[in-house]
Amino acid sequence: MASKVVDLRSDTVTKPSEAMRAAMAAAEVDDDVVGVDPTAQRFQAEMAALMGKEDALFVPSGTMGNLISVLVHCDVRGSEAILGDNSHIHVYENGGISTIGGVHPKTVRNNPDGTMDVDKIVAAIRHPDLHYPTTRLICLENTHGNSGGKCLSVEYTDKVGEIAKSHGLKLHIDGARIFNASVALGVPVDRLVKAADSVSVCLSKGLGAPVGSVIVGSKDFIEKAKILRKTLGGGMRQVGVLCAAAHVAIRDTVGKLADDHRKARALAEGLKKIKHITVDPASVETNMVFFDIVDPRISPDNLCQVLEQHNVLAMPASSKSIRFVLHYQISDSDVEYALTCVEKAFEELLKGGARLEPLANGTTRSSYGH
Ligand SMILES: Cc1ncc(COP(=O)(O)O)c(C=O)c1O
Ligand SMILES: C[C@@H](O)[C@H](N)C(=O)O
């Protein structure tokens, strides 16, 4: 049994590297509320340039990055945002755009590839009517988490951008994993998001920073975003400690994302050989692998419990599927080890040899998904 834990629950589990920790310790800092933290200022300028936008703002999380972005674009009561019915903003952010921002969500069905049909987006745009909210924003998500880490193409993004512009709307991209999309598509990240008025980029996922996201947009947008961040309690003080790690993440880890994608495809190919599983390796575009358990006697909870006994961590993604997420702290030998553990887990479960702890009052394990 491996002494180390092979953690495939998410790419949010990445731990800061030694280089990040050293940068954090050495960071030049100051109070970013009273004045300006110099390291934050440098990092924000770096990210604005990298993403091809006028300005940038470090925020504590992707959830706050999305919330701030939606609320800046939808700053008038009665606003509506068009977004995917399976999007992270709609499914996993506590309905914050509504409960905190009073913004009405207008969902459009997400296709399996993470897109929304453009004709359905257009149909969702409200025409002026006393009965209706006012559409002000369209939100995309790239890569699309609940669709298996699928990439939205630059052509599709530009098309939605044209629709937004022609209807006087703004476009926000939840770009939690935009660098995964850029690397997988072979499109420079600034080109991929050119049509967007704002982007929220997670530094704390596959890029490996300990905390945080960054939102990018126009100077006017970022000025409003900074005020809203403070309103939400996001005044960051000596935030250079975190921005120093984030700078190292951008410098050191973007170049490793292609390897994460390679390992994800290798994992999917290995899973395909296990008879109790259905998986489509060809559908793996980035760092996520979703697979179904075909034996109804075994639940994702069962399998995750037994995998955990073998030091492999994963999360159920639905009542019959499991999600594995690759990141640069998972090695090729970890992938091989995980595959042998999946096979062993099925053997143990089917022979009845696995000791399954009853889950507390029937709850399921924390899962990413429905
Ligand atoms: C697509 C997507 N957007 C936003 C978020 C939110 O980021 P955070 O967890 O930092 O709030 C996540 C996951 O965490 C995500 O997968
Ligand atoms: C759970 C979800 O919020 C997180 N972004 C993940 O993909 O793991």
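Hi everyone, let me start with a question: what share of the contacts in the chain with a separation of 6 or more comes from residues 24 or more positions apart? The figure is 74%. Please keep in mind that this is a predicted model.

Let's take the overall picture. The chain has 14 helices and 13 strands, and its C-alpha atoms fill a box of roughly 60 × 55 × 40 Å along the principal axes. A compact globule of 370 residues would have a radius of gyration near 21 Å, and the chain agrees with that, at 21 Å. Of those 370 residues, 51% count as buried.

Now the domains. The domain assignment gives domain 1 as 18-254 and domain 2 as 256-351. Their C-alpha centres lie 29 Å apart. Where they meet, 15 residues of domain 1 are in contact with 13 residues of domain 2. On the domain 1 side, helix α8, residues 178-185, gives the most, with five residues. That side divides into six nonpolar, seven polar and two charged residues.

Please look next at valine 189, in helix α9, which covers residues 189-192. Is valine 189 buried or exposed? Valine 189 is buried, because 20 other C-beta atoms lie within 10 Å, and the cut-off for buried is 20 or more. Apart from neighbours within four places in sequence, valine 189 is in contact with Leu50, Met51, Ile178, Phe179 and Ser182. Its C-alpha atom is also separated by 9.7 Å from that of valine 154, 35 residues apart along the chain.

On to the ligand. Which residues are around ligand 1? They are Thr12, Ser61, Gly62, Thr63, His88, Glu141, Gly145, Asp174, Ala176, Cys202, Ser204 and Ser213. By class, this shell has two nonpolar, eight polar and two charged residues.

An unreviewed UniProt entry places the feature "modified residue: N6-(pyridoxal phosphate)lysine" at Lys205. In the model, lysine 205 sits in the loop between β7 (198-202) and β8 (213-217). Lysine 205 counts as buried because it has 25 C-beta neighbours inside 10 Å. Leaving aside neighbours within four places in sequence, its contacts are Asp11, Thr12, Ala176 and Arg177.

Most residues other than glycine have a negative phi, and most peptide bonds are trans. Asparagine 311, which follows α13, has a positive phi near 70 degrees. Asparagine 311 is found in the loop between α13 and β11, and is partly exposed, with 16 other C-beta atoms within 10 Å. Asparagine 94 has a positive phi too, of about 55 degrees, and lies in the loop between α4 (88-91) and α5 (96-99). With 10 C-beta neighbours inside 10 Å, asparagine 94 counts as exposed.

Last one: which two residues does a cis peptide bond join? They are asparagine 142 and threonine 143, with omega about -5 degrees. Threonine 143 lies in the loop between β5 (134-141) and α7 (154-166).

How values were computed
Residues are numbered from 1 along each chain as its sequence is written. Chains are lettered from A and ligands numbered from 1 in the order in which they are written. This is a predicted model: local features need pLDDT of at least 70, side-chain atom pairs count only at pLDDT 80 or more; totals for chains, interfaces and linings use all residues. A residue is near a molecule or strand if its C-beta atom, placed from the backbone, lies within 6 Å of it. Ala, Val, Leu, Ile, Met, Phe, Trp, Tyr, Cys and Pro count as nonpolar, Asp, Glu, Lys and Arg as charged, and the others, Gly among them, as polar. Domain bounds come from an automatic or database domain assignment. Two residues are in contact if their C-beta atoms, placed from the backbone, lie within 7 Å. Helices (H or I, at least four residues) and strands (E, at least two) are DSSP runs, numbered from the N terminus. A residue is buried if 20 or more other C-beta atoms lie within 10 Å of its own, exposed if 12 or fewer, and partly exposed in between; C-beta atoms are placed from the backbone. UniProt positions are given in the numbering used here, feature names are shortened, and annotations may be inferred rather than shown by experiment. The radius of gyration is taken over C-alpha atoms; the globule rule is 2.2 Å times the number of residues to the power 0.38.
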